[in-house]
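This report describes a two-chain model in running text. Please look at the sequence and the structure before reading on.

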Amino acid sequence: MNNSPIDPHSVGIVETQHFTCCVPPDELHLKSGLTLGPITIAYETYGTLNDDKSNAILICHTLTSDAHAAGYHAGDKKPGWWDGMIGPGKAFDTNKYFFISPNVLGSCKGSTGPASINPVTGKPYGLSFPFVTIEDMVAAQRKLLDHLGIKKLFSVAGGSMGGLQALIWAVHYPECVHSAVLVATNYRHTAQQIALHEVGRQAIMSDPDWLNGEYYGKTIPARGLSLARMIGHITYMSDKSMDEKFGRKLIGKEKLGYDFSHDFEVENYLKYRASSFVQRFDANSYLYISKALDYFDLSEDGDLVSKFKKTQAHFLVISFTSDWLYPAYQSKDLVRALKANDLDVSDCEINSSYGHDAFLTEVESQSKLVTHFLNRLHREKFHGHR
Amino acid sequence: MDTAEPAKKVRFDHRVIASLLKPESRVLDLGCGDGDLLALLIKEKNVKGTGIEIDEQAIYKSMERGLTISHADIDSGLQDYSDKRFDYVILNESLQQVLNPETVILEALRVGKAAIVGIPNFCHVGARVQIFFQGQVPVTRELPYEWYNTPNLRFLSLRDFRRFCRERGITIEKEIGISNHEQTVPFLPNLFAHTGIYLLSKD
């Protein structure tokens, strides 16, 4: 893969756009009871919106990702985070559909978040940024779709945290969603998921450079954030995928050093990934978004089934055998609740050793499911038959 | 359906099952495999079909044909559905491989207004001959497995199945014996039919 514009399966060079809404006094009312405005949403689009605006698919991203899901930014060698899935002739086919990929509220990749300037004070929000939830992220996306004139999504798709957003779309805006593709996701954050996030948050907040979130313009809390990222990376892989990738391979030495410098390749890998991460992601955004994930519970009153009473969407639910961060049984529970509502739901647990990362790496098997699922709905909707 | 799909000879048991179904009905196919039967029922009877399948590769094939498929085994796949959600629940050539056939059939008749069950007849005359004259467990065209590699957990005859239904208050609305020569077997099906197809109901 290269960024040559003649690659027939790439959307080519793309640019991130920005949309601002919720300008006071029309602030967004957040789930916490607080309000936020103005709000800027960074987003990218791929493909062409048809005349009656019925071919739009919303792509939702993960904790630390961004609006750049496909194609290349000018000068970049690396494509967007779901480029294997989105493009001409790919599972999410830009020849057929129009894709909108927004950056979530609370992030630091162009949408309003704790690193943004608070127009009231002229300084970054820091911890004065109100808590945002997955529901709030989706409410902000709705504003973007209103702006684009899209009343109903042909589909909404996402993995991990993106799946939670897609789920909220189908539940809170049932009239706006024709179908949903939920990958490696669940319907409530469990104690283990919360615990893993909390270790990451504590790592950030115990970094002396964090300064209670007021580190902007000073030294960033790089040690804490990189530790959080290392923990994250471990949870995204599986026992097997780590062992296959690194084994006990040594780094830069022939034998064990018997000291605390890095001996193993896996140590070096984590350090490398973490150090590149702290350059591109804001520590406060990590705190806010991980908390938004932990607050997520569609079954908060203990009843999941009734949440889908008004939902009409067709569902595709995909999970992976080795994903221990969002285990397949959680997807199965979700599927059960969807079936109990007589909804049209297809689901598959893909055999993979890549852990949670599988939703980014298992392009071929995912592509089959997504392609066939969307093809059926496309035939039914646009050609009137299966 | 995908127009690119090559024409495939329709299996005789699938034809028989299709003949039992009312058009436009809601159908659940347990152990749907590549989706051959469901695709036929959608095409010819315009049913609204869902399949349950455990094999990942088979799921891809079924999805490709435009089917709604859930990844589950037959033993646990039914508990998710509400009562009488389907007009028909189909268990064709899969009952002999489930762990708890009794539970599965009763569950099928809970979520379905009717069930269609296809079973291989282990007491077909050919099998009886092998047992009697050769003194060995039969290996036939329909039951090609040896004792050490068979996926079948249950060995039953049409008569066994009738008795099972009678004892559990299950009504056999229709029994169709079929041979491997693509014919129905109205005469002594427990002896001459290779397969029995049943339309079942329960109050």
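Two residues are in contact if their C-beta atoms, placed from the backbone, lie within 7 Å. By that rule, and leaving aside its neighbours within four places in sequence, L153(B) touches Q96(B), Q97(B) and L99(B). The model is predicted. The predictor assigns the complex an ipTM of 0.91 and a pTM of 0.95. For chain B the mean pLDDT is 92, with 97% of its residues at 70 or more.

**The two chains**

The table sets out the overall dimensions of each chain.

| Chain A, 386 residues | 21 Å | roughly 70 × 50 × 50 Å |

Chain A contains 10 helices and 14 strands. A compact globule of 386 residues would have a radius of gyration near 21 Å, and the 21 Å of chain A agrees with this. Of the 386 residues in chain A, 52% are buried. Among the contacts in chain A between residues at least 6 apart in sequence, 70% join residues at least 24 apart.

Chain B contains 8 helices and 7 strands. Buried residues make up 41% of the 203 residues of chain B. In chain B, 62% of the contacts with a separation of 6 or more are between residues 24 or more positions apart.

**Domains of chain A**

Chain A is divided into two parts: domain 1 (17-189 + 299-383) and domain 2 (194-291). Taken over C-alpha atoms, the centres of domain 1 and domain 2 of chain A are separated by 26 Å. Where these domains meet, 24 residues of domain 1 of chain A are in contact with 19 residues of domain 2 of chain A. The side of domain 1 that touches domain 2 in chain A is made up of 13 nonpolar, 10 polar and 1 charged residues.

**The contact between chains**

How many residues does each chain give to the contact? Chain A gives 20 residues and chain B gives 16 residues. On the side of chain A that touches chain B, the elements giving two or more residues are α8 (328-340), β14 (345-350) and α10 (363-383) of chain A. The residues of that side of chain A divide into 7 nonpolar, 3 polar and 10 charged.

**Local features of chain A**

Two cis peptide bonds can be pointed out. One joins P24(A) and P25(A), with omega at about 10°, and P25(A) sits in the loop between β1 (17-21) and β2 of chain A. Another joins G37(A) and P38(A), with omega at about -5°; P38(A) is in the loop between β3 (35-36) and β4 (39-46) of chain A.

Strand β2 (residues 28-29) of chain A holds H29(A). This residue, H29(A), counts as partly exposed because it has 14 C-beta neighbours inside 10 Å. H29(A) and V181(A) are 152 residues apart in sequence, and their C-alpha atoms are 27 Å apart in space.

K53(A) is not a glycine, yet has a positive phi of about 55°. K53(A) belongs to the loop between β4 and β5 (56-60) of chain A. With 16 C-beta neighbours inside 10 Å, K53(A) is partly exposed.

**Local features of chain B**

In chain B, a positive phi of about 55° is found at E93(B), which is not a glycine. E93(B) lies in the loop between β4 (86-92) and α5 (101-111) of chain B and is partly exposed, with 17 other C-beta atoms within 10 Å.

L153(B) lies in the loop between α6 (125-134) and α7 (158-167) of chain B. Is L153(B) buried or exposed? L153(B) is exposed, because there are 12 other C-beta atoms within 10 Å. D87(B) is 66 residues from L153(B) along the chain, and their C-alpha atoms are separated by 28 Å.

Strand β7 (residues 195-201) of chain B is mostly covered, with 5 of its 7 residues buried. β7(B) runs antiparallel to strand β5 (residues 112-120) of chain B, to which 6 bridges join it; here G118(B) stands opposite I197(B). β7(B) also runs antiparallel to strand β6 (residues 171-178) of chain B, through 7 bridges, and E175(B) stands opposite Y198(B).

Note on methods:
Residues are numbered from 1 along each chain as its sequence is written. Chains are lettered from A and ligands numbered from 1 in the order in which they are written. This is a predicted model: local features need pLDDT of at least 70, side-chain atom pairs count only at pLDDT 80 or more; totals for chains, interfaces and linings use all residues. Helices (H or I, at least four residues) and strands (E, at least two) are DSSP runs, numbered from the N terminus. Ala, Val, Leu, Ile, Met, Phe, Trp, Tyr, Cys and Pro count as nonpolar, Asp, Glu, Lys and Arg as charged, and the others, Gly among them, as polar. The radius of gyration is taken over C-alpha atoms; the globule rule is 2.2 Å times the number of residues to the power 0.38. A residue is buried if 20 or more other C-beta atoms lie within 10 Å of its own, exposed if 12 or fewer, and partly exposed in between; C-beta atoms are placed from the backbone. Domain bounds come from an automatic or database domain assignment. pLDDT is the predictor's confidence in each residue, from 0 to 100. Two strands pair if DSSP finds at least two bridges between them.
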